[in-house]
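Dear colleague,

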Amino acid sequence: MVIRVENLIKKYDERTALDGLNFTVEDGDIYGFLGPNGAGKTTTIRILTGIIRADSGQVIIEGHDVFREIMEVKRLVNALPESNGYYEWMTAYEYIEFFSNLYEEKKSKQGILKLLDDVGLNGKEGHLIRSFSRGMKQRLGIARALINRPKLLFLDEPTNGLDPKGRRDIHDLLIDLNQKQGTTIFLSTHLLDDVERLCNRIAILNYGKIVRAGDLREMKGKGTIEDIFFLSTKEGAQ
Ligand SMILES: Nc1ncnc2c1ncn2[C@@H]1O[C@H](COP(=O)(O)OP(=O)(O)OP(=O)(O)O)[C@@H](O)[C@H]1O
Ligand SMILES: [Mg+2]
């Protein structure tokens, strides 16, 4: 088991964002975390990656308690946040070099070029980020998240705002990463197309609670994912 979340609760002032969240993610999963706007997807990812703290509950990642052993967890995971900032005046190469210098183990020139190549940015290393399309920026963000070779990668709506070709490219990249490097992927999305192409297991979140979870193929036996999604998020818990 890579992630175990138990009874996670998070309030922002009076507003309950997570209302007793429970789920597990297994090694090698591409786990789809679905839910409408405001369901609590980003909040969950921020707690699981140690950016913010929960009010109560427990998160265990690869045997480490996220609230007590965050440094161990940070070695094993990385994330592409919901709104990633890019230093537009840097080249793709400089951007990856900059972030790789923040780690103990710095990357060689070859290592940086390999990483850019892995995400399909070969030949673009000397280009300014300013000139990149949204899809290219997303790839660069994923390259940044791969600097420490994470066992577990969190992606918060990685295909948001991309055209069909851009989405397809990100899908292929993630499938490759999962199959060739064995990276476990936790992906938040509200695009059912992402889920169909990528995920083996999903959870549907609504008002900070999981309303449906399970194996995608088993769930699809009971109706289309679209039907399941709309039926299970039609009525909120609040
Ligand atoms: N920093 C914050 N301060 C106050 N309320 C917040 C904060 N961040 C999130 N919330 C609230 O918590 C709830 C969950 O928000 P969250 O961003 O986790 O949802 P989400 O599922 O990621 O939504 P989206 O699909 O729009 O990205 C929402 O009601 C939101 O308004
Ligand atoms: Mg979000």
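Which residues of E3 lie on one side and which on the other, and are they buried or exposed? Ile30, Gly32 and Leu34 lie on one side of the strand, Tyr31 and Phe33 on the other, and all of them are buried, which leaves both faces of E3 covered. Please bear in mind throughout that this is a predicted model.

Strand E3 comprises residues 30-34, and because five of its five residues are buried, the strand is largely enclosed by the rest of the structure. E3 belongs to an open sheet of six strands, in the order E6-E7-E8-E3-E9-E10, with mixed pairing. At the edges stand E6 (77-80) and E10, each of which pairs on one side only. From one strand to the next, the twist averages 15°.

The pairing of E3 can be followed on either hand. With strand E8 (residues 184-189), E3 runs parallel and is joined by five bridges; Ile30 has Ile185 of E8 as its bridge partner. With E9, the pairing is also in the parallel sense, over four bridges. Here Phe33 is partnered by Ala203, and Leu34 by Ile204. Helix H9, residues 225-233, lies across E3, E9 and E10 and runs at about 30° to E9.

A residue of helix H7 also deserves attention in this region. Asp194 lies in H7 (residues 192-198), and it counts as buried because it has 24 C-beta neighbours inside 10 Å. Leaving aside residues up to four places away in sequence, Asp194 touches Gly32, Thr159, Leu187 and Thr189. Asp194 and Leu34 are 160 residues apart in sequence, yet their C-alpha atoms are 10 Å apart in space.

The four-stranded sheet

A further open sheet is formed by four strands in the order E2-E1-E4-E5, with antiparallel pairing. E2 and E5 (64-65) stand at its edges with a single partner strand each, so one side of each has no neighbour in the sheet. Strand E4 (residues 56-61) is joined to E5 by two bridges, and the two run antiparallel. In this pairing, Ile61 stands opposite His64 of E5.

The residues around ligand 1 are Tyr12, Arg15, Ala17, Gly35, Asn37, Gly38, Ala39, Gly40, Lys41, Thr42, Thr43 and His190. Two elements give two or more residues to this shell, namely strand E2 (15-25) and helix H1 (41-48). The greatest contribution comes from H1, with three residues. By class, the shell has three nonpolar, seven polar and two charged residues.

Helix H1 is itself mostly covered, with seven of its eight residues buried. The buried residues are Lys41, Thr43, Thr44, Ile45, Arg46, Ile47 and Leu48. Just after H1, Gly50 takes a positive phi of about 80°.

The contact between H3 and H4

Helix H3 (residues 92-100) and helix H4 (residues 109-118) have axes that come within 10 Å and cross at roughly 115°. The crossing in which H3 passes H4 is right-handed. H3 brings Ala92, Tyr93, Ile96, Glu97 and Ser100 to the contact, while H4 brings Ile112, Leu115 and Leu116. These residues divide into six nonpolar, one polar and one charged.

Two backbone angles to check

Most residues other than glycine have a negative phi. Glu157 is buried, because 21 other C-beta atoms lie within 10 Å. Tyr207 counts as partly exposed, because 19 other C-beta atoms lie within 10 Å and a buried residue needs 20 or more.

With kind regards

Conventions:
Residues numbered from 1 in each chain as written. Chains lettered and ligands numbered in written order. Predicted model: local features only at pLDDT ≥ 70, side-chain atom pairs only at ≥ 80, totals over all residues. Near = placed C-beta within 6 Å. Nonpolar A, V, L, I, M, F, W, Y, C, P; charged D, E, K, R; others polar. Axes fitted to C-alpha atoms, helices over the stretch in contact; angles between N-to-C directions. Left-handed = near helix turned anticlockwise from the far one by under 90°. Contact = placed C-beta atoms within 7 Å. Buried ≥ 20, exposed ≤ 12 C-beta atoms within 10 Å, placed from the backbone. Pairing = 2+ DSSP bridges.
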